[in-house]
Each structure stands twice: as C-alpha cells, then as structure tokens.
Amino acid sequence: MRAAFMVEEDRGLDSVVSSRFGRAPLIVIVDLEGSEVRGIRTVENPGARAGSGAAIRAVQKLVDEGVQAVAAGAFGPNAMTALEEVGIRRIQVSGVPVSEALRSL
Amino acid sequence: MIVSVSGGKGGTGKSTVAVNLAALLSRGRRLVLADLDVEDPNDHILLGVGLEREEPVNVMLPFVDYRRCTKCGVCGKVCDTGAMLISPQGVPFLIPRLCSGCRACYFACPEGAIVEGGRTIAYTYLTDVSLDGAEFELVTGSLREGEEHTPPAVLAAKERALSLDADVHLIDTSAGTGNSVATAVDGSDLLIAVTEPTPLGLHDLGLILRVAEELGIESWVVINRAGLGPEDGHVRLAEERGARVAARIPYSREVVESYVGGSPIVLSRPGSEAARALAGLAAMVEEVMG
C-alpha cells in the first residue's frame with residue numbers, strides 16, 4: 001500500500017508528523033509491502049501555499065500520488081469531506097516520527 | 001462624488017466617522033451611505049435603524065452533468081479556490097462552500113458539462129434614515145453565515161448604492177487592506193483613512209495609504225482618539241504619502257457616551273469637541289465638492 005505523512009521538515013522516516021493537514025509544507029510518501037518499507041520520497045504540499053481551499057489541494061495531491069492513507073494531527077471539515085469522497089483513510093497522529101506512525105497503519 | 005472611509009486597522013472609528021459624516025453631509029444634499037463591511041455591517045446599529053428592502057446576492061454555482069463529463073480533470077486544474085476536487089476515478093466533485101462563483105470551470109470545460117446553477121451568498125438592504133434633520137439612504141451588504149467570499153457581496157452592495165441617484169456616495173469599508181477593501185474603495189474620489197495614535201494604527205495606516213496610492217485615490221488622514229499617544233509618526237507618514245491630516249478627533253468620554261446612546265455625536269452633542277472636529281472634516285469635504 002501507499003501511505004502519506006504530512007510533515008513540517010523532511011528527514012525521511014525520521015520526519016515528524018505535523019499537527020496540521022492542509023497547510024503542512026511537505027508530504028512523505030511511503031510504499032509498503034506488508035510492514036516492509038519498499039520506497040520513500042518527499043513531495044511538496046500545494047495546499048501549503050494556497051490562498052484558500054488548502055485541504056482540497058492537499059487531498060488532490062494525495063489522489064494524484066495514488067495514496068490510500070494519510071497521517072496528520074488534525075483534519076478540518078473540508079479535509080474530512082474530501083478524503084471520504086475520494087476514499088483515502090485518515091490516520092490521526094502527530095508529534096511522532098514517520099517510522100513510528102507507520103505502525104498505526 | 002464618492003468618498004470612502006477606511007483605515008486598515010479594526011476598531012479605529014471608521015463607522016463612527018462614516019455615520020457622523022453622513023449626518024452632516026446629507027443636510028441639503030442627497031446622500032447614500034453604503035455599509036460595505038459585509039462580514040459585520042453595523043452602521044444601522046450606530047444609526048438606530050433597521051435593515052429593510054432585502055435583496056439576495058446570488059453567485060454562480062457549478063453543477064457537473066456527469067453524462068457529458070469525460071473525466072478530463074480540466075475543471076479541477078482551473079479552479080482557483082480549490083473547490084473542485086477530482087476523485088481517483090477522475091470524477092469532479094464540488095465543495096460548494098469554497099466556490100467563489102468565478103465560472104472558470106464553466107468556461108474551461110471542453111464538453112459543456114458544467115451546468116450553471118446559483119446560490120445566495122449575501123443580502124443587500126436599503127433603509128431610509130431620518131434623524132434630526134439628517135435624511136439619507138443607507139445601503140447595507142451582509143454576508144450569509146458560513147460564507148467565505150466577501151468581494152461579490154461587497155460589489156453587489158456597492159452597485160446597489162451607486163445605482164441610487166445622489167450628490168454624495170459615502171462608503172464605509174471593513175477593516176484590513178485585502179480584496180474586499182480594495183473592491184469597496186476602488187473608483188472613489190477621496191479616501192478618508194481613520195487611524196488612532198497607537199503603533200498598530202500607524203502600521204495599518206501605512207498599508208491603507210498604499211492601497212489608495214495603488215488605486216490612484218487621493219487620501220486624507222483622520223486621527224481618532226487623539227491624545228491617546230504620540231502622533232508624530234502618523235503625521236510624518238501622511239506627509240510622505242502626500243495625504244493631509246484632515247482632522248483630529250479627541251479621545252473623550254462624550255464620544256463613548258454617544259456611542260452607548262446609539263446616536264451620532266454630531267446630532268446628540270453638537271457642541272462637543274469631537275463633534276466640532278467632525279464638522280470641520282465635513283466642511284473640508286464640502287469644500288472639495290464645491
């Protein structure tokens with residue numbers, strides 16, 4: 001599966017999951033086979049620089065990246081509506097490294 | 001003549017100056033006061049009148065004709081507010097609250113699959129005000145709860161006000177210097193920037209004077225709550241920007257009392273220092289009007 005983690009700073013699997021969803025600057029995308037990490041890369045979150053509709057732009061990026069689950073500390077109403085609509089699972093977690101957040105998948 | 005009252009910072013006395021100027025300038029003249037602070041219109045409260053003759057402000061709301069949609073995703077790419085989400089299957093999905101009604105998706109869709117709908121985002125009102133020899137019309141814009149886009153509401157209320165025949169159109173804006181303020185003041189002959197002798201008042205005065213400059217509007221500075229703190233920075237800034245300091249309204253208990261009493265101070269306490277300062281300002285505007 002492919003999971004995404006909203007982060008403030010890119011430190012690979014040590015990146016700390018951000019408390020925010022739409023405005024977090026970066027997204028760490030991890031490819032998993034079972035519990036094994038097969039690939040990891042970081043992309044920019046277009047929502048971070050958006051004037052409005054940040055959460056929707058973030059969700060669109062996740063859709064375009066083919067992500068099935070996303071982790072962040074909090075999800076606003078727009079984020080929840082959009083994530084449900086496109087069928088991406090939410091993982092509510094923050095302040096922990098990606099490597100640890102992976103375990104809640 | 002179109003005169004705007006603005007100021008950048010919130011709570012500097014924009015509405016107080018606007019309603020008092022309206023009371024003074026409407027003597028012997030046709031005047032329309034436009035309250036374009038659509039997120040929190042309150043001139044009617046300061047004037048003690050209600051909101052009448054409601055008209056809806058409708059904006060376009062796109063609907064997707066899924067029989068025509070080829071899932072190309074163009075509507076999502078052109079959407080400037082992030083209101084159009086494209087699902088993993090390529091199906092567009094609209095989040096109405098984020099839509100500003102700009103029609104970009106409507107024009108961009110190559111299949112004609114975007115259908116024009118509409119929704120009401122705000123209301124405008126028109127109230128006849130009659131106070132102690134001051135008679136004028138008040139147009140108010142009021143955004144509906146939960147709506148995010150103020151400019152269409154500001155524009156609709158402004159158009160309703162300008163459609164009324166008058167010698168003076170007086171515009172009261174919201175705080176800030178963003179789209180909704182620029183939309184409100186654009187086309188004015190004069191911008192009265194109400195500030196106060198505080199660091200934040202000074203900072204925001206700089207911003208609103210720049211907005212006026214960008215839009216090519218002559219600006220005057222009114223220092224409200226004068227006496228509260230140093231004003232040299234404000235005076236210097238006004239000079240730099242070519243704006244004249246047109247009035248200083250002293251910080252006084254009488255101003256607060258008229259505010260509590262719900263009547264413009266120029267009517268309730270015409271002899272007060274603050275009322276005299278406002279009368280001086282009105283006289284200057286009258287001079288410009290000729």
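**Stop one: a histidine in chain B**

Select B:His234, which is buried, its relative accessible area being 2% (buried means under 20% relative accessible area, exposed over 50% and partly exposed in between, with a 1.4 Å probe and protein chains only). This is a predicted model, in which local features need pLDDT of at least 70 and side-chain atom pairs count only at pLDDT 80 or more, while totals for chains, interfaces and linings use all residues; side-chain values use heavy atoms, with hydrogens and water left out. Residues are numbered from 1 along each chain as its sequence is written, and chains are lettered from A and ligands numbered from 1 in the order in which they are written.

B:His234 belongs to helix α8 of chain B, residues 232-240 (helices, H or I of at least four residues, and strands, E of at least two, are DSSP runs numbered from the N terminus).

**Stop two: aromatic rings**

How many aromatic pairs does a search of the whole structure find? Over all chains there are two (rings of Phe, Tyr and Trp, the last by its six-membered ring, pair if their centres lie within 6.5 Å; planes under 30 degrees apart count as stacked, over 60 as edge-to-face and the rest as tilted). Select A:Phe21 and A:Phe75, a tilted pair at 5.3 Å centre to centre with 45° between the planes. A:Phe21 lies in the loop between β1 (2-7) and β2 (26-33) of chain A, and A:Phe75 in the loop between β4 (69-72) and α2 (77-86) of chain A, so the pair ties together parts that are 54 residues apart in sequence. Both A:Phe21 and A:Phe75 are buried.

Next, move to B:Tyr106 and B:Phe107, whose ring centres are 5.3 Å apart and whose planes stand at 75°, so this pair is edge-to-face. B:Tyr106 is partly exposed, at 31% relative accessible area, whereas B:Phe107 is exposed, at 63%.

**Stop three: a charge over a ring**

Display B:Arg244 and B:Trp220 together: the charged end of B:Arg244 sits over the ring of B:Trp220, 4.8 Å from its centre (the criterion being NZ of Lys or CZ of Arg within 6 Å of the ring centre and within 35 degrees of the ring normal).
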